[in-house]
Amino acid sequence: MSATIRYGMVGGGADAFIGDVHRQSARLDGRYDLVCGAFSSDPKISLESGLALGLPEGRCYPDYLSMIEAEAGLPESERMQCVVIVTPNHLHFPVAKAAIQAGFHVISDKPATFDLAECRELSALLESSSCQYALTHPYTAYPMIQEARERIAAGELGKIRKIFVEYTQGWLAEAIETGGQKQADWRTDPQRAGISCCMGDIGVHAFNLAEFVSGLAVDSLSAELNRIVSGRCLDDDGAALLKFSNGASGVLIASQVCTGDENDLRLRIYGDKGGLSWSQEEPNSLWLKFSDQPTQLVRTGNPWTSKSSLNGVRLPAGHPEGYIEAFANIYKNFADHLLDSALDSKPAYPGIQDALRGMAFVETVVASSEQDNAWMDIPG
């Protein structure tokens, strides 16, 4: 494989927020080159988007199947090596399946698929191929989240007893989808988003973060989902009680109707020796709390932090880094795995197992809410 990874993008055309986030993240460390794309279901918009990104007309494709077929036919030294998927949810699986069957690696926005059945099929497909797969849960790649995980794994907090994770936004506090807001339109549409809006969009990030940092799996949950804004078919708010594999209990809150909130992701974890807290809106700070010593503030980029934390830092301590840099760490670690490491080594990025856990969470949350908040096991 070349020193940089040539990638093609599906989705991410005009007015697509997350597509540009992916492109910025891929550019940040100079490990990727965008060489082609099918940027929209509208061939005209796809062409215009690709040209605006500096691509030649011949590498701006009208649809993803045309892109995959044409790229597979190019000389190995020219064709894309990886497909980045930034479409609405209903297209994640068919694009990933076509890419893997053609021998291309995949980086996909979350959730991995439209439902759990598709995700299991994707997992089986990957197992029978040599392709690698990354899922963009960028919050796990913040340096202080890596630091929190390392400290819990080292036993600094003792046995974990309680976990609180919440992700609140206010952008869907009004029915902006009825006015043609593109991002709101597809996220509130069951045909494109799936069975959940809020939990499938941001609740799954909170779930992934809680499991990643604690090192514990959620065994069962009891959930309540709400449709706060009149006329919506999918949830825009919800909460779940969690039971973890070691007996710890937790609370997960996700809402997109918290008026005035921007992107407020928070995590608190408590053990029998101490606790920690982290907030995405101040991501370079990790607070450690103990009953027998002063509260400690750990900051990103200092030499006494863990190797995994420092691996995600690009600037000296005190220089703010944030969402784009964390997102870029997923891309950097995926590139490291493809270019610098043996493919049988353990990847340092979210993959198909995280995808399966996320889809199982979404389906269990919805089922629990539909059955009067019944406690339900999350399927393995």
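Me: Which residues are buried in α4?

Reply: A word on the source: this is a predicted model, in which local features need pLDDT of at least 70, side-chain atom pairs count only at pLDDT 80 or more, and totals for chains, interfaces and linings use all residues. Residues are numbered from 1 along each chain as its sequence is written, and side-chain values use heavy atoms, with hydrogens and water left out. Buried means under 20% relative accessible area, with a 1.4 Å probe and protein chains only. Helices are DSSP runs of H or I with at least four residues, strands are runs of E with at least two, and both are numbered from the N terminus. In α4, the buried residues are His 92, Phe 93, Val 95, Ala 96, Ala 98, Ala 99 and Ile 100. The helix is thus mostly covered, with seven of its ten residues buried.

Me: How does one read the spacing of residues along a helix, and what do the buried residues of α4 pack against?

Reply: An α-helix has 3.6 residues a turn, so residues three or four places apart point the same way. The buried residues of α4 pack against β1, α3, β3, β4 and α5, where contact means heavy atoms within 4.5 Å. Just after α4, Gly 103 takes a positive phi of about 90°.

Me: What is the order of the strands in the open sheet?

Reply: Two strands pair if DSSP finds at least two bridges between them. Here five strands form an open sheet in the order β2-β1-β3-β4-β5, with parallel pairing. β2 (32-38) and β5 (133-136) are at the edges with a single partner strand each, so one side of each has no neighbour in the sheet. Within the sheet, β3 and β4 are joined by four bridges; Cys 82 has His 105 in β4 as its bridge partner.

Me: What is the volume of the second largest pocket, and which residues are closest to its centre?

Reply: On a 1 Å grid over the protein atoms alone, a pocket is an open set of points with protein on both sides within 12 Å along at least five of seven lines, and lining residues have an atom within 4 Å of a point. Grid points are joined across faces, edges and corners, and a volume is the space filled by probe spheres set on the points. The second largest pocket has a volume of about 980 Å³. Of its 47 lining residues, Ile 18, Val 86, Gln 183, Trp 186 and Arg 187 are the closest to the centre. Helix α7 supplies the largest share of this lining, five residues.

Conventions: On a 1 Å grid over the protein atoms alone, a cavity is a set of points where a 1.4 Å probe fits but cannot get out, and a pocket is an open set with protein on both sides within 12 Å along at least five of seven lines; lining residues have an atom within 4 Å of a point. Buried means under 20% relative accessible area, exposed over 50%, partly exposed in between (1.4 Å probe, protein chains only).
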